[in-house]
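Hi,

Here is the structure I promised to pass on. My notes follow below it.

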Amino acid sequence: MTTKRINLALQGGGAHGAFTWGALDRILQEPSIEIAAISGTSAGALNAAALKSGMLEGGASGAREALDALWDKVAKTSTAGFDQWFLHAQLSPSAISQALEFSPVKMFADTLSRMSSPYSSGPFYNHPLQTIVEGFNYSEVCASEGPALYIGATNVRSGKVKVFQGAQIGPDALLASACLPTLFRAVEIDGEAYWDGGYTGNPPLFPLFDQALPEDILVININPLERDAIPTTAQAIQNRINEISFNSSLLRELRAISFVQRLIGDQTLQQGSMKNVHVHMIADDALMTELSVATKTVAIPSILLALREAGTRAADAFLQAHLDDIGEKSSVNLQAMFS
């Protein structure tokens, strides 16, 4: 059996990162795939840390167990009674998303977040992910063994992407990567302040261009790239702004890869002078367009499980169609994407 070495690029998107949980669970069951490196932002960073620590403890099965444990903790941060109401009402993920968007509680919270600062809460401030990130074994997360790990955040002062790697990765780096500035205070590390990495690298792809790493990058995308309908309600407009802003850095890097591919194909660049990256993607835009930023910020367990199942299906479909492409060619037509 030929080993297929890949790099993973895991997008951030709050609770929608449960889709990546399901996709990773399926990938980890594919015996021919070896994960060489992982770049992750926000929820993607949490998934990446769980995967690596679990893998060093117990191989692929250990990684799957660690991901299950991570999302079990995330689910427990939600309001159980709220979820039970949705289950009793037998609402679809789309209906739950709409119910959340238009609920008075959610609308009040959104308004409050635009009128107040997380610095206003004084000694009562807390970060809901604090206990989760402190639970990782950082001797494993930061180990030189296993997949190389890159965590993206945004430097508040410079506006530039910051990539944490190796011993730089700790609880603060993961909190910084997931720090939405309207909800959380900037995370300070070595005198610099950081916000969510989604603004500048969601996730950062350039660390995966290292010549020592394989040519193949598999992006697990959880923010829909396109929507057919023009948003007209206030909620839909805000939701689409969120999607566009959190996809913009990924699209810039994919466009750069497309440009290099074209130069190599035209023989404008000498073969080997730049890395000819193969791009693959796992996504479910049909499902994600039914959801919204509301289900990103409120971790409803039933939605998490629906996303997990969708991620598993999408990864299985990708492997069925494109496993043989890994190591050979891109399965995403970047030229068509940017034409």
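Glu215 counts as partly exposed because its relative accessibility is 36%. The cut-offs are these: buried is under 20% relative accessible area, exposed is over 50%, and partly exposed lies in between (1.4 Å probe, protein chains only). Glu215 sits in the loop between β6 (192–196) and β7 (216–220). Its contacts are Lys275, Asn276, Val277 and His278, leaving out residues up to four places away in sequence. Contact here means heavy atoms within 4.5 Å. Glu215 and Gly327 lie 112 residues apart in sequence, but 7.0 Å apart in space, C-alpha to C-alpha.

Some housekeeping. This is a predicted model, where local features need pLDDT of at least 70, side-chain atom pairs count only at pLDDT 80 or more, and totals for chains, interfaces and linings use all residues. Residues are numbered from 1 along each chain as its sequence is written, and side-chain values use heavy atoms, with hydrogens and water left out.

The overall picture: the protein has 13 helices and eight strands. These are DSSP runs numbered from the N terminus (helices H or I, at least four residues; strands E, at least two). Of its 339 residues, 51% count as buried. Take the contacts between residues at least 6 apart in sequence: 79% of them join residues at least 24 apart.

Now helix α1. 10 of the 10 residues of α1 are buried, so the helix is largely enclosed by the rest of the structure. His16 belongs to the loop between β1 (4–10) and α1. His16 counts as buried because its relative accessibility is 2%. It touches Ile222, Met288, Leu291, Ser292, Thr295, Lys296 and Leu307, not counting residues up to four places away in sequence.

Next, helix packing. The axes of α1 (residues 18–27) and α2 (residues 43–75) come within 8 Å and cross at roughly 155 degrees. That makes α1 roughly antiparallel to α2. Axes are lines fitted to C-alpha atoms, for helices over the stretch in contact, and angles run from 0 to 180 degrees between N-to-C directions. Angles under 35 degrees count as roughly parallel, over 145 as roughly antiparallel, 65 to 115 as roughly perpendicular, and the rest as oblique. On the α1 side, the contact is made by Ala18, Thr20, Trp21, Leu24 and Asp25. On the α2 side, the residues include Leu51, Arg64 and Trp71. By class, this contact has six nonpolar, two polar and three charged residues. Ala, Val, Leu, Ile, Met, Phe, Trp, Tyr, Cys and Pro count as nonpolar, Asp, Glu, Lys and Arg as charged, and the others, Gly among them, as polar.

What about α1 and α12 (residues 301–322): at what angle do their axes cross? The angle is roughly 40 degrees, and the axes come within 6 Å. α1 and α12 are therefore oblique to each other. Their contact has 11 nonpolar, three polar and four charged residues.

Last, the cores. A nonpolar core is a set of buried Ala, Val, Leu, Ile, Met, Phe, Trp, Tyr and Cys residues joined through side-chain atoms within 4.5 Å. The largest has 68 residues, and those with the most contacts inside it are Leu8, Phe19, Phe136, Leu174 and Ile282. Its largest share, 13 residues, comes from α2. A second, separate core of 19 residues includes Ala9, Ala37, Val163 and Val332.

Best wishes
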